[in-house]
Amino acid sequence: MCGIIGLIGDVDAREANGEPGPSVGDVVHQGLANLEYRGYDSAGIALVDTADGLTVAKQSGQVDELAVPELDAVTHGIGHTRWSTHGPPTDANAHPHTDCAGDVAVVHNGIVENYETLKNDLEAAGHTFTSDTDTEVIPHLIEDALATDPDADLLDAVRRVETQLAGSYAICAVREGDDRIVVARRGSPLVIGRGTDASFVASDVTAFLEHTREVTYLEDGDVAALNAGRVQVFHGGEPVDRGVETVEWEADAAEKGGYDHYMRKEIHEQPESLRQTLAGRLDVESGDVDLDVSFPPGVLADVEEIQIVACGTSYYAGRYAAQLFETFAGVRATVEIASEYAFGAGRTPDRTLVVAVTQSGETADTLGAVRRANAAGARTLAVTNTVGSTVTRETDTTAYIRAGPEIGVAATKTFASQVATLAMLAVLFGRDRGALGAADARSVLEDLRGLPGAVQQVLDEEEAVREAAREYGDSEAFFFIGRALGVPVALEGALKLKEISYDHAEGFTAGELKHGPLALVTSETPVLAVLTEGADAGETMNNVTEAQTRGAPALGCVSAGEAYGTLDVSFSVPNVGVVEPLVANVYLQLFAYHVANAKGRAIDKPRNLAKSVTVE
Ligand code: M6R
């Protein structure tokens with residue numbers, strides 16, 4: 001998830017005192033600062049000037065470290081703040097990217113899935129690349145389109161290039177000598193701001209809200225040309241009218257996408273973030289996965305044991321994954337809380353793979369475990385959200401979860417993307433080791449492909465969850481239960497609720513209730529159960545009944561098509577096989593959120609907690 005902005009024209013040029021408004025460069029720079037929550041590992045600007053042509057300034061680091069070039073006659077500009085997906089956060093990988101001649105500059109949000117093929121073809125045709133990014137193919141394709149057809153202008157070229165790209169993108173392009181910004185959107189957000197003498201474009205309205213509230217939302221497949229105060233939108237080559245809406249939010253709410261809290265926004269971002277996680281990695285036809293992990297051939301097949309190390313929510317993602325590794329790859333997989341990890345005597349380090357799961361990549365306990373694994377001589381792999389983080393430097397290879405920045409202390413979308421990434425890794429392992437046949441792999445990948453849509457269906461049920469939170473939110477304590485893949489989800493559900501509501505919440509293996517915790521169960525302690533595929537729903541339901549017999553209200557996340565008439569509340573989970581418990585977790589996230597919100601808790605910054613725990 002990156003932030004992009006473009007501006008063409010004069011902002012506030014008619015101020016009462018007759019002074020000129022702010023420069024294009026300054027407005028673009030401020031817009032980037034407003035978008036920094038979407039990514040913040042590098043930033044850049046391209047300005048088009050009637051005297052000097054196209055000027056690009058870009059560098060790794062935060063937006064406020066970027067100096068805006070001082071130019072006299074700038075007419076329009078584009079800018080980008082980056083959250084790395086391809087290539088580390090270096091100056092060269094920062095956007096904008098340019099063509100060979102330096103006449104065309106492009107900023108991009110999303111992932112070009114076929115960039116390797118395109119890059120190979122372009123290099124073979126003589127184009128020179130200077131970055132590791134997928135984005136850089138776009139200006140070169142534009143250059144190619146302009147060279148192929150001398151009558152083509154920037155709009156024609158972007159229209160042509162748009163048909164060559166696979167994946168998701170929001171693109172803004174400028175060209176020296178062309179008095180427009182040309183934009184295109186497919187799968188990544190893009191909104192146009194309509195000023196009197198200026199037009200804006202950005203990943204979201206936060207970027208330009210201080211200048212205009214009149215906006216046009218582009219749809220997938222749209223290409224638009226922006227002049228100062230004039231916008232033309234095309235779809236399939238034909239002009240279309242996308243209308244103009246007025247944004248009512250204030251800037252603070254706009255940054256949260258109109259939500260009251262980042263946590264709720266991030267819960268709702270899961271369909272998009274999961275799409276990014278999966279983009280270009282699933283080959284459903286063949287049952288194969290491409291995760292870019294760089295182990296030499298044969299290494300995965302040679303692994304005898306996988307040890308997953310992690311903390312908190314990431315630990316629960318690891319517990320989910322361990323079951324998938326054992327099922328898909330037939331390999332022994334253990335999960336250890338990172339602060340408790342020691343490489344056990346008697347194990348074979350060079351046939352053990354230690355997988356460190358950490359959203360931030362900076363958790364001290366997890367880094368400590370990685371160092372112990374490295375010292376023992378084990379192979380190490382990081383699963384993280386943060387390009388260039390410490391864990392990526394201290395492990396042999398990395399699989400990125402690509403969830404985009406998560407601001408709320410409570411991990412939500414990163415949990416979903418961790419599990420999805422680890423599930424792909426488990427399939428990769430299974431295929432490499434010959435333990436998972438193509439037909440079974442295809443079926444798992446189908447389920448993964450269905451994940452974003454299934455999560456959206458759950459989000460559409462939010463009102464029912466809010467209602468349940470209203471009814472049961474003031475209970476004495478909350479118990480979450482599940483079996484098999486339902487166990488990590490029950491544990492994660494309890495963690496989410498306790499950390500943001502400060503209520504007593506615990507997760508149990510459903511079968512263990514009767515071995516002790518049942519003593520805590522009363523009519524004041526609702527039980528929330530994972531009753532889906534992959535979670536042994538029938539047996540779990542028996543444990544739910546044990547709790548109900550002691551008076552506990554029972555809420556269940558139930559596979560669509562199944563019904564347990566005795567539940568007090570039933571949430572339907574779309575049928576997506578082994579990832580159903582992960583989808584059920586979205587109900588638990590919403591439940592935690594609404595219980596905590598009704599109590600007025602500091603949801604995004606719960607007391608005593610930090611987003612990244614960098615002390616052991
Ligand atoms: O950055 P990490 O994934 O390594 O963080 C580990 C835990 O601190 C983290 O998952 C924590 O439990 C969550 N923020 C809780 O919601």
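How many residues of domain 1 are in contact with how many residues of domain 2? In this structure, which is a predicted model, 19 residues of domain 1 are in contact with 16 residues of domain 2.

**Domains and their interface**

The protein chain is divided into domain 1, covering residues 3-252, domain 2, covering residues 256-449, and domain 3, covering residues 453-603. Taken over C-alpha atoms, the centres of domain 1 and domain 2 are 33 Å apart.

The size of an interface is often given as the accessible area lost when the parts come together. Between domain 1 and domain 2 the buried area is about 1400 Å², and carbon and sulfur atoms give 58% of this area. On the side of domain 1 that touches domain 2, the residues divide by class into 8 nonpolar, 8 polar and 3 charged. Across the interface of domain 1 and domain 2 the rule finds 0 salt bridges, while the count of residue pairs in polar contact between these two domains, with both residues at pLDDT 80 or more, is 1.

**The ligand and its surroundings**

Which residues come nearest to the ligand? There are 13 residues around the ligand, and of these Ser314, Thr358, Ser360, Thr363 and Glu499 come nearest.

| Residue | Protein atom | Ligand atom | Distance |
|---|---|---|---|
| Gln359 | polar backbone atom | oxygen | 2.7 Å |
| Val409 | polar backbone atom | nitrogen | 2.8 Å |
| Lys496 | polar side-chain atom | oxygen | 2.8 Å |

Technical notes:
Residues are numbered from 1 along each chain as its sequence is written. This is a predicted model: local features need pLDDT of at least 70, side-chain atom pairs count only at pLDDT 80 or more; totals for chains, interfaces and linings use all residues. Side-chain values use heavy atoms; hydrogens and water are left out. Domain bounds come from an automatic or database domain assignment. Contact means heavy atoms within 4.5 Å. Buried area is the accessible area (1.4 Å probe) that two parts lose on being put together, summed over both. A salt bridge is a side-chain nitrogen of Lys or Arg within 4 Å of a carboxyl oxygen of Asp or Glu. A polar contact is a pair of N or O atoms within 3.5 Å; within protein, one must be able to donate a hydrogen and the other to accept it, and residues adjacent in sequence count only if both atoms are side-chain atoms. Ala, Val, Leu, Ile, Met, Phe, Trp, Tyr, Cys and Pro count as nonpolar, Asp, Glu, Lys and Arg as charged, and the others, Gly among them, as polar. A residue is near a molecule or strand if one of its heavy atoms lies within 4 Å of it.
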